[in-house]
Amino acid sequence: MNQEVWNKIDSLIDRDQAKTLKERFAEDPSRAGRYSIEAAGWFLDYSKNRIDDEMMSALIELAEKSNLKAEIEKMFTGEKINATEGRAVLHTALRNCDPAAKVFVDGKDVMPDVREVLARMGEFSDKVRSGEWKGYTGKSIKYVVNIGIGGSDLGPVMANIALTPYSKRDMKFFFVSNVDSTHLAETLLSVEAEETLFIVASKTFTTQETMSNAGAAREWLVGKLGSEAAVARHFVAVSTAAREVADFGIDTANMFGFWDWVGGRYSLPSAIGLSLMLSIGKENYAKLLSGYYAMDCHFRNAPFEKNMPVVMALLGILYANGYGAESYCILPYDQYLSRFPAYCQQMDMESNGKSVDKDGKQVTYTTGPIEWGEPGTNGQHSFYQLIHQGTHLIPCDFIGFSRTHNPIGDLHDKLMANLFAQTEALAFGKTAEECRAEGVSEELVPFKTFEGNRPTNTLLADELTPETLGALVALYEHKVFTQGVIWNVYSFDQWGVQLGKVLAKGVLSDLVAAVPSGKHDSSTNQLIARYRKAVGR
């Protein structure tokens with residue numbers, strides 16, 4: 001990070017340590033309106049943060065001195081900003097809705113290929129949804145099982161749940177990711193082989209967890225339907241490995257490709273979203289992409305002081321690096337977004353969980369925060385106690401919608417009242433004097449006092465739709481990217497996930513060998529021996 005600018009931010013933090021949000025609002029009646037942004041169907045109120053104009057000006061300067069504008073253009077125009085893997089980063093091309101757009105990688109315009117895959121997905125989706133696509137015994141598809149892991153699972157799971165109101169209700173969708181056999185076994189108990197379509201999502205068709213589950217599902221299907229020929233009617237692939245796909249028994253005409261410039265955790269708008277398109281249809285899927293695109297355009301073009309992803313990124317850096325906040329909480333007040341915190345968790349922690357900068361040097365400051373969350377109001381009866389009165393500073397994003405898809409009595413009013421009240425309570429708290437004025441006994445005053453001054457952002461949209469979901473995902477993607485630029489780390493590689501996977505192969509060989517090698521440390525060797533004894537090896 002730019003040390004000169006950070007020193008300025010640090011001095012402003014020192015100056016304002018004692019100033020509370022209650023005081024800031026009292027001093028500035030127009031504060032809420034000034035610290036709000038609208039973009040792509042979303043309204044952001046960030047007034048309940050420990051900021052003033054001087055602090056925001058310094059944070060914007062930090063973004064400018066980090067060369068953020070140029071880095072944004074590099075991403076959108078296909079430069080290989082994933083330098084450790086020599087790849088461009090072009091998830092934005094997947095949802096570029098400009099029919100005349102051209103985006104070049106190594107001198108080739110990628111947009112014709114993007115549009116071609118999207119069109120093929122649409123044609124296939126239409127066939128399955130209409131019943132034209134038949135399984136091996138002539139029955140239409142009723143169940144869809146997506147087999148993937150990481151970005152090939154979390155995105156489709158999150159979005160399928162989020163867009164349930166737009167789904168084809170006479171089809172059922174399942175997602176298998178864990179190599180724990182229970183995940184696949186319980187899924188297979190819920191489907192009928194003759195009516196099930198499996199989507200195997202693996203770019204290389206070698207991902208251990210995905211291919212282990214896919215192989216087991218294939219064996220189950222062939223056992224149920226009695227022929228290897230059934231595989232071609234019940235399996236499709238999201239992959240680029242044509243030979244491996246064909247060897248599995250999948251017709252390569254039913255292989256939907258994506259490219260090495262699509263990172264797994266950013267791949268939902270690629271062919272990885274095939275299960276979602278099957279659920280909501282190609283028209284609603286197009287609306288999802290338009291929402292992404294609207295936020296992409298906002299991020300690329302809006303000035304930093306009115307740029308929603310940039311402002312949210314800067315606020316996160318303020319708390320992580322200035323106030324020592326170790327975690328960050330995402331709290332959607334909508335049950336359909338129940339998996340959104342987990343989706344953001346992977347996006348953020350896999351992207352910016354780095355301890356060396358772009359020059360390979362150890363960083364001397366905090367990078368990616370620990371990200372977590374749950375839907376409201378469940379969390380209020382779980383971990384909000386710690387957020388309100390604990391010793392940790394935990395900045396929170398509250399996400400809500402003015403209209404619900406399921407109006408029942410006054411339930412939605414109560415839900416949103418809780419959202420707004422929680423941000424108010426976190427910001428302003430309750431003083432000892434206020435407790436006494438309410439008649440709280442003196443011995444209980446310390447326990448019923450709330451410090452307040454806990455920062456929150458509030459994100460509001462009119463309704464959860466494909467468009468607003470796409471924009472919301474893009475918002476968090478660009479927030480993470482912005483923070484990576486300012487921290488000077490590579491956000492689009494994930495070498496940290498590799499070591500354990502490599503070591504697991506050696507451990508697996510010892511678990512099943514006639515005689516284990518004993519080449520591991522004493523703890524691992526002990527655990528291997530105990531496991532082998534329990535399973536009778």
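The following legends describe close-up views of a predicted model.

**View 1. Helix 8 and its span.**

View 2. Helix 8 is mostly covered, with 11 of its 12 residues buried. Among the buried residues are Gly151, Leu154, Pro156, Val157, Met158 and Ala162. The elements that cover the buried residues of helix 8 include strand 5 (143-147), strand 6 (172-176) and strand 7 (196-201). Helix 13 (274-301), helix 15 (340-352) and helix 20 (466-487) are also included in this cover.

View 3. An open sheet is formed by 5 strands in the order 6-5-7-8-9, with parallel pairing. Strand 6 and strand 9 (255-256) stand at the edges, each having a single partner strand, so one side of each is left without a neighbour in the sheet. Helix 8 packs on the sheet, where it touches strand 5, strand 6 and strand 7. The direction of helix 8 makes about 150° with that of strand 6.

**View 4. The pairing of strand 8 with strand 9.** Strand 8 (residues 235-238) and strand 9 run parallel and are joined by 2 bridges. Within this pairing, Val238 stands opposite Phe256 of strand 9.

**View 5. His298 and its contacts.** His298 lies in helix 13. Its relative accessible area is 14%, under the 20% limit, and His298 is therefore buried. Leaving aside residues up to four places away in sequence, His298 touches Ile37, Ala39, Lys306, Asn307, Met308 and Pro309.

Methods
Residues are numbered from 1 along each chain as its sequence is written. This is a predicted model: local features need pLDDT of at least 70, side-chain atom pairs count only at pLDDT 80 or more; totals for chains, interfaces and linings use all residues. Side-chain values use heavy atoms; hydrogens and water are left out. Buried means under 20% relative accessible area, exposed over 50%, partly exposed in between (1.4 Å probe, protein chains only). Helices (H or I, at least four residues) and strands (E, at least two) are DSSP runs, numbered from the N terminus. Contact means heavy atoms within 4.5 Å. Two strands pair if DSSP finds at least two bridges between them. Axes are lines fitted to C-alpha atoms, for helices over the stretch in contact, and angles run from 0 to 180 degrees between N-to-C directions.
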